[in-house]
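Visitor: I would like a close look at one part of this model. Please take it slowly enough that I can follow it on screen.

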Protein chains: 4
Amino acid sequence: MPINVAIIGAGRIANVHAGAIRSNPEARLVAVADALSSAAETFAQKWGCAARATASIAADPEIEAVLICTPTDTHADLIETFGKAGKHTFCEKPVDLDIGRAREVVAAAEAAGAKLMLGFNRRFDPHFRAVREAIEAGRIGRVEMVTITSRDPGAPDIAYASRSGGIFRDMTIHDLDMARFLFGEDPVTVSAHASVLVEPRLAEIGDFDSATVILETASGKQAVISNSRRASYGYDQRIEVHGSKGVVSAENQRAVAIEVGDEDGYHRPPLLNFFMTRYTAAYAAEIAAFIASIAGNSPPEPSGEDGVTALRLAEACSRSVTERRRVCLDEVE
Amino acid sequence: MPINVAIIGAGRIANVHAGAIRSNPEARLVAVADALSSAAETFAQKWGCAARATASIAADPEIEAVLICTPTDTHADLIETFGKAGKHTFCEKPVDLDIGRAREVVAAAEAAGAKLMLGFNRRFDPHFRAVREAIEAGRIGRVEMVTITSRDPGAPDIAYASRSGGIFRDMTIHDLDMARFLFGEDPVTVSAHASVLVEPRLAEIGDFDSATVILETASGKQAVISNSRRASYGYDQRIEVHGSKGVVSAENQRAVAIEVGDEDGYHRPPLLNFFMTRYTAAYAAEIAAFIASIAGNSPPEPSGEDGVTALRLAEACSRSVTERRRVCLDEVE
Amino acid sequence: MPINVAIIGAGRIANVHAGAIRSNPEARLVAVADALSSAAETFAQKWGCAARATASIAADPEIEAVLICTPTDTHADLIETFGKAGKHTFCEKPVDLDIGRAREVVAAAEAAGAKLMLGFNRRFDPHFRAVREAIEAGRIGRVEMVTITSRDPGAPDIAYASRSGGIFRDMTIHDLDMARFLFGEDPVTVSAHASVLVEPRLAEIGDFDSATVILETASGKQAVISNSRRASYGYDQRIEVHGSKGVVSAENQRAVAIEVGDEDGYHRPPLLNFFMTRYTAAYAAEIAAFIASIAGNSPPEPSGEDGVTALRLAEACSRSVTERRRVCLDEVE
Amino acid sequence: MPINVAIIGAGRIANVHAGAIRSNPEARLVAVADALSSAAETFAQKWGCAARATASIAADPEIEAVLICTPTDTHADLIETFGKAGKHTFCEKPVDLDIGRAREVVAAAEAAGAKLMLGFNRRFDPHFRAVREAIEAGRIGRVEMVTITSRDPGAPDIAYASRSGGIFRDMTIHDLDMARFLFGEDPVTVSAHASVLVEPRLAEIGDFDSATVILETASGKQAVISNSRRASYGYDQRIEVHGSKGVVSAENQRAVAIEVGDEDGYHRPPLLNFFMTRYTAAYAAEIAAFIASIAGNSPPEPSGEDGVTALRLAEACSRSVTERRRVCLDEVE
């Protein structure tokens with residue numbers, strides 16, 4: 001029997017996940033809820049499911065799993081609601097901008113025996129996953145230094161940015177989780193620098209658009225993250241891991257692998273420049289993993305706890321910039 | 001209203017096309033026929049359509065389009081049957097091993113006013129298509145020399161090979177069509193060499209596994225095709241077009257874009273090594289183009305005529321090897 | 001004791017070789033001769049050697065080795081002169097446009113017990129040499145198919161072309177020798193196509209600027225050569241060898257290995273676009289090999305015989321184009 | 001008239017520079033000095049110059065320029081000696097491990113009107129120079145983020161390391177200078193992390209083998225340096241500069257540009273793994289620039305002042321690690 005799934009939120013990413021559910025024989029999309037009822041109706045029609053109220057979904061014993069695709073400030077309450085209702089929940093990152101609140105709802109879901117999976121989709125990118133598999137296969141020996149380059153094609157609009165919790169919680173958080181995924185060990189100290197080079201209005205709201213972060217683990221492994229809200233050449237998403245016996249890296253992605261040579265030189269197309277296109281396979285694999293963890297009753301990964309740790313690292317980055325010093329993860333809560 | 005489609009043949013490629021139909025909102029798979037009724041039943045169940053007899057499909061006024069996915073020696077008769085019945089037909093290559101018969105059924109389909117599209121899927125590969133778009137955009141000036149490298153991961157089994165018409169009609173035919181696609185002009189002369197280096201049993205049936213072909217057009221453009229039934233490193237599929245102002249090429253494809261460096265050097269994974277995986281996007285785009293040509297009532301491309309020309313070029317290659325000389329396309333039929 | 005060397009001819013390539021002699025501790029440049037005495041004087045001054053007459057060099061028992069860097073139509077006579085004089089001779093390709101005459105002087109040099117080495121510099125390119133070493137190390141198994149792409153940045157001037165013996169003897173000859181170098185076996189049949197796409201005046205003198213050649217050996221190995229007298233993107237010099245266990249290729253060369261990404265895509269510089277810059281290392285290694293063969297009294301490679309075989313293959317290409325058929329090497333002389 | 005040059009020190013790098021002098025028509029190597037007279041004699045014989053005492057070189061009015069190629073702890077005294085003697089001096093980095101002393105001798109050389117150039121050879125690498133030229137040509141807009149990856153093939157021996165001033169003054173100093181070269185602006189703050197992952201004995205002497213550094217300029221530009229004393233895959237030397245309109249990068253270098261494909265994938269050779277091989281062209285260009293600055297009476301670049309700034313940045317890195325905080329360059333002296 002396929003698992004009945006509801007989606008909360010009817011926006012862009014909800015549509016991506018609905019497509020993943022449809023192509024997954026083990027799941028069936030049965031309901032959608034959205035604060036805007038017309039959006040829910042359109043979505044319901046498009047995907048052949050019912051538009052319902054959140055409370056009604058929570059109360060429906062036929063619905064086993066919920067995907068939370070709403071704005072960040074609603075995540076914690078929804079996780080709580082569905083956790084209490086015993087639903088297995090997948091939630092887009094971050095859990096909440098407040099770490100205490102995030103911890104609370106993650107603990108509540110756990111207490112209720114409901115699975116909670118966080119939407120760090122990049123863990124499911126086939127290229128990044130192949131990097132981790134190469135590490136696990138021992139191809140580079142012991143991991144020593146991780147380099148993550150992550151640059152958005154352009155700056156977010158100010159309205160979005162002002163509710164996002166800042167670059168570290170909104171953008172770097174993906175890379176902080178990726179560093180943990182590749183280290184196989186938690187960072188214990190953080191140094192960060194940040195500035196405004198792209199969009200001056202971000203300075204007005206106390207945010208940044210260009211950031212560099214060093215993470216260090218107890219055993220001395222180091223990671224560096226390079227973030228920019230600008231990349232004229234596409235969506236720049238690369239990782240490299242240097243180890244005691246070698247190095248493994250994942251290249252950027254293009255729509256087509258052609259090259260033109262002429263008197264000015266050799267030219268390849270720009271990178272894929274939109275996160276949904278770049279991470280199409282990752283989104284599908286992520287939802288498949290969530291469904292599989294329910295079907296197989298295995299712990300979901302990344303977990304709610306992974307979401308809390310990434311948040312704490314983001315908070316440590318913020319403090320490092322503000323206080324101009326290295327911050328220990330222990331200091332954060 | 002979506003177009004009702006039937007598939008003749010329930011094998012591997014039929015399943016690929018069924019997937020393409022399912023994800024196409026303008027088409028609906030309604031029926032399947034297969035010489036083996038159990039195969040048709042399984043297929044029908046899997047894809048939610050009816051298993052029917054070929055004649056019944058041909059007679060059904062509700063069915064507008066047919067995909068022929070059966071063995072080569074049935075193609076001509078099926079094209080004829082469905083052409084007479086006024087169905088729009090998509091047929092896997094080749095039309096027939098006999099050029100006269102191929103011409104006949106192509107003409108018959110045309111006379112009946114039914115569209116006929118040939119399955120030269122590589123024209124729809126996004127990378128190869130981007131090569132042609134670069135040419136059309138004038139990025140390399142006038143086309144002068146085309147290089148096509150096409151190597152299968154392994155030799156076909158002898159039973160298949162002995163019914164295939166030989167390497168030129170079975171394998172090279174794709175590259176002959178590709179050369180035409182890139183030239184924008186028909187070859188007029190052909191020189192070919194062929195030998196058996198991979199699978200000695202091919203020599204026993206008069207076939208080859210390694211071949212090199214030169215095509216030349218009336219204006220002196222040259223193409224070279226390099227074929228092998230062996231490529232330990234994957235499914236080697238590359239094209240390069242050199243023109244008066246530059247060169248454009250399409251690289252091989254891999255499942256993941258990672259690289260490992262160690263004391264032995266830098267290592268990337270082998271190529272995708274199966275035609276269905278390598279050309280996934282091409283197959284989907286090909287079927288979409290067929291449906292679109294029906295919906296928009298535009299001529300299908302590649303046409304039945306394209307299929308005949310490719311066959312004639314394949315025949316010219318065979319004669320060139322046998323007669324150890326350059327063969328004019330005019331000599332063939 | 002370093003070997004005393006004289007250079008005949010004071011042009012461009014003579015200067016390249018003089019530099020190679022200077023940096024070689026086992027050789028010393030002692031004399032130069034040139035039909036134009038002022039050119040010889042300038043050269044002598046620049047390189048610190050004596051400007052002398054050819055006959056005087058031939059008669060000088062102190063001079064052990066001679067490099068012939070004069071126009072093609074003087075090669076045979078000079079090889080003969082120096083061979084009779086017992087000098088070890090290095091000669092730029094080709095030996096002579098007439099195969100009979102070439103055979104004659106090669107035989108004469110051999111009879112005199114003097115070494116004769118031919119200037120197929122590409123055999124000494126470190127990248128191409130590494131390709132052959134990979135083959136010899138068994139990394140690709142048995143050689144099956146060789147692909148040589150060789151495109152000049154621009155067409156030669158007509159005066160030069162009209163004395164050059166045509167594209168096959170002047171340009172393709174390098175690639176014919178390279179195919180032999182990589183095959184480890186001689187071609188027995190040849191098919192060639194050629195046309196004029198670049199420089200219409202070449203048609204007036206019966207020459208071509210665009211050519212494609214297939215070579216086949218007795219065991220069925222195939223090579224394809226793609227030549228053009230045009231490559232807007234630089235000097236295009238690539239080889240690829242496909243074998244029973246793998247493939248090995250050598251990439252083109254650039255002056256600097258940088259890449260720029262911007263909103264139009266990713267851009268690398270054009271190729272090195274001059275044969276002397278592209279093959280700097282090859283020229284130096286070639287002369288070093290000549291000197292070493294004298295010092296170590298080992299047979300020079302490529303030999304005069306290699307020069308004759310390459311000429312015969314070039315002649316076979318010409319005939320193939322003219323007679324529109326496959327030509328056996330046996331038919332040539 | 002060529003400039004007469006003396007070399008102090010007869011070791012490995014002295015030999016590299018002697019070769020550069022020999023091939024430079026504007027310079028002539030006339031003398032060498034070394035603490036070990038037999039080393040000086042051997043060197044003198046090899047390069048055709050005189051073995052002399054340092055004082056005698058300093059006193060010789062015929063000698064205009066001196067290259068200091070001795071151990072670090074002798075640099076400052078020698079710069080002082082030759083500065084007072086009015087010689088133009090090229091000195092390998094660093095000037096001195098003590099910043100005060102370094103400042104002193106740089107000032108003294110300047111007061112004496114003698115040129116002083118520092119051996120940051122990487123500024124002369126053709127690939128890195130092409131990166132800077134691309135920046136200067138406006139191809140990437142305003143520089144925003146610089147990424148420098150610099151990994152040695154292996155750890156230094158402990159005896160060397162213990163006199164080297166530690167990883168930041170010995171190894172990172174090159175990258176600190178490179179960041180300035182690419183920024184076109186001085187860093188004002190520094191954060192560094194360092195650990196021992198490769199060679200445990202380095203911990204015993206208070207040194208590190210793995211380090212990550214962030215540099216930030218007053219305008220908010222950021223650079224990150226990734227250093228390791230290990231790279232099994234060769235000598236890893238890459239730079240990347242991200243700007244407002246694009247990105248430019250320089251790739252690693254290999255001896256040969258071949259690739260082998262087989263059933264395990266595609267394989268390229270390891271990187272050049274020795275700094276003298278990797279930076280051959282850079283060393284030659286560096287010495288040529290020094291000679292040209294004397295011949296043309298232009299200020300040498302990198303200057304003694306550049307050497308002092310790089311030292312101060314290295315000191316800031318050390319303090320950042322020790323004090324676990326961001327350090328301002330202003331705090332250092």
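Where does B:Asn297 lie? Once that is clear, please carry on to the backbone around it and to the places where the chains meet.

Guide: Keep in mind that this is a predicted model. B:Asn297 lies in chain B, in the loop between helix H11 (280–295) and helix H12 (304–323). Look at the backbone there. Phi of B:Asn297 is near 50°. That is a positive value, and the residue is not a glycine. Now count neighbours. B:Asn297 has 9 C-beta neighbours inside 10 Å, so it counts as exposed.

A:Glu333 is not a glycine, yet its phi is about 65°. Find it in the segment after strand S15 (327–328) of chain A.

Go back to the loop between H11 and H12, now in other chains. In chain A, the loop between helix H11 (280–295) and helix H12 (304–323) holds A:Pro302. The peptide bond that joins A:Glu301 and A:Pro302 is cis. Its omega is about 5°. Turn to chain D. D:Pro302 is found in the loop between helix H11 (280–295) and helix H12 (304–323) of that chain. The bond from D:Glu301 to D:Pro302 is cis, with omega near 5°.

Stay in chain D and move to the strands. Strand S12 covers residues 246–250 of chain D. Is it enclosed or open? Four of its five residues are buried, so S12(D) is largely enclosed by the rest of the structure. Strand S11 (residues 236–243) of chain D runs antiparallel to S12(D), and four bridges join them. D:Val241 stands opposite D:Val248 in this pair. A hairpin of two residues links S11(D) to S12(D).

S12(D) also pairs with a strand of another chain. Strand S13 (residues 258–262) of chain C is joined to S12(D) by five bridges, and the two run antiparallel. Here C:Val260 stands opposite D:Val248.

Follow chain C to its contact with chain A. The contact takes 12 residues from chain C and 11 residues from chain A. On the side of chain C, the elements that give two or more residues are S13 and strand S14 (265–268). S14(C) gives the most, with four residues. By kind, the residues on that side divide into four nonpolar, four polar and four charged.

The pairing shows how S14 is used. Strand S14 (residues 265–268) of chain A pairs with S14(C) in the antiparallel sense, over three bridges. The bridge partner of A:His267 in S14(C) is C:His267.

Now superpose the copies. A rotation of 180° with 0.0 Å of shift along its axis places chain C on chain A, with an RMSD of 0.0 Å. The two copies are thus related as by a two-fold rotation axis. In chain C, the C-alpha nearest the axis belongs to C:His267, 2.3 Å from it. C:His267 is also the residue bridged to A:His267. Finally, compare the two surfaces. Of the interface residues of chain C, 92% are also interface residues in chain A, so the copies meet through the same surface.

Conventions: Residues numbered from 1 in each chain as written. Chains lettered and ligands numbered in written order. Predicted model: local features only at pLDDT ≥ 70, side-chain atom pairs only at ≥ 80, totals over all residues. Buried ≥ 20, exposed ≤ 12 C-beta atoms within 10 Å, placed from the backbone. Pairing = 2+ DSSP bridges. Contact = placed C-beta atoms within 7 Å. Nonpolar A, V, L, I, M, F, W, Y, C, P; charged D, E, K, R; others polar. Least-squares fit on C-alpha atoms with pLDDT ≥ 70 in both.
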